[in-house]
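Here's a quick briefing on a protein model, with an eye on its surface and its pockets. Have a look at the structure first, then we'll go through it.

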Amino acid sequence: MDKKGILVVVSGFSGAGKGTIMKRLLADYPDHYALSISATTREPRPGESHGREYFFVSQAEFEEMIEKDALIEYARYVDNYYGTPKDYVHRQLEAGRDVILEIEIQGALKVKAAYPDTLLMFVSPPNAEELRERLVNRGTEDAATIASRLKRAWQEAQGVEQYDYFVINDILEECVQEVHHIIRNEHARVARNHAVIENIRAQLKGFAEGE
Ligand code: 5GP
């Protein structure tokens, strides 16, 4: 009963803890999920490496990917380009894995337009003050960048209604389980099971006619 994977977009304010949730989800369920690695023109943060968190590329390299139609979507976010390479996503979906794209809202809506059966999930901290504290405590951005990320968060908050699910990241372990269950349930939708249903119908027809 092998099926194609589901494309899942996870968005959320910068500092909402999406990255941590996704890492944990993959560690807990390595056979179920694949995480898409984006290309970006921003500088790596300390501890980040090329090909793990992102493919860190120059502006010229990024523009070449756009030209070659090698990206599912791309967007500009706080002065940098971010985009999702096509190849890997398609291969993982074919292999039956649910592919998670951790991308911001403009990209999420472009993916949904191109692939309408995409599941859109929005992750938020319990409140805005918590978000600010997480950004400050991360210690990787200067005050101006934190300010522009908070402004961007306010803009993104206007688009939450376009998502299918809203998940609060308060206790990490609970949040990971919630995300996992939402995706598993999505597999049970009638609309995603037409082939299996048709198959069972055909078999039943055979039984019925044999009687
Ligand atoms: P950060 O610089 O904090 O790693 O990411 C900034 C924002 O860019 C986050 O909201 C992240 O989800 C988003 N992002 C990361 N990769 C992509 C991508 O491939 N496409 C789009 N549209 N957004 C992305």
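Predicted model: local features only at pLDDT ≥ 70, side-chain atom pairs only at ≥ 80, totals over all residues.

**Overall build**
- You're looking at eight helices and nine strands.
- Along the principal axes, the C-alpha atoms fill a box of roughly 75 × 40 × 30 Å.
- Of the 211 residues in the protein, 42% are buried.
- Among contacts with a separation of 6 or more, 69% join residues 24 or more positions apart.

**Largest pocket**
- Its volume is about 1100 Å³.
- The lining takes in 39 residues, and the closest to the pocket's centre are Gly 19, Arg 45, Glu 48, Tyr 54 and Glu 102.
- Elements giving two or more residues to this lining are helices H1 (18-28), H5 (128-138) and H6 (143-157), plus strands E5 (71-77) and E6 (80-85).
- Sorted by class, the lining has 14 charged, 13 nonpolar and twelve polar residues.

**Second largest pocket**
- This one holds about 290 Å³ of space.
- It has 15 lining residues, with Lys 4, Gly 5, Ile 6, Asp 117 and Arg 192 nearest its centre.
- Helix H3 (86-94) and helix H7 (172-187) are the elements that give two or more residues to the lining here.
- By class, the lining splits into six charged, five nonpolar and four polar residues.

Terms used. Residues numbered from 1 in each chain as written. Heavy atoms only, no water. 1 Å grid on protein atoms, 1.4 Å probe; cavity = no way out; pocket = protein on both sides within 12 Å on 5 of 7 lines; lining within 4 Å. Points joined across faces, edges and corners; volume = space filled by probe spheres on them. Helix = DSSP H or I, 4+ residues; strand = E, 2+ residues; numbered from the N terminus. Nonpolar A, V, L, I, M, F, W, Y, C, P; charged D, E, K, R; others polar. Buried < 20%, exposed > 50% of the residue type's maximum accessible area, 1.4 Å probe, protein only. Contact = heavy atoms within 4.5 Å.
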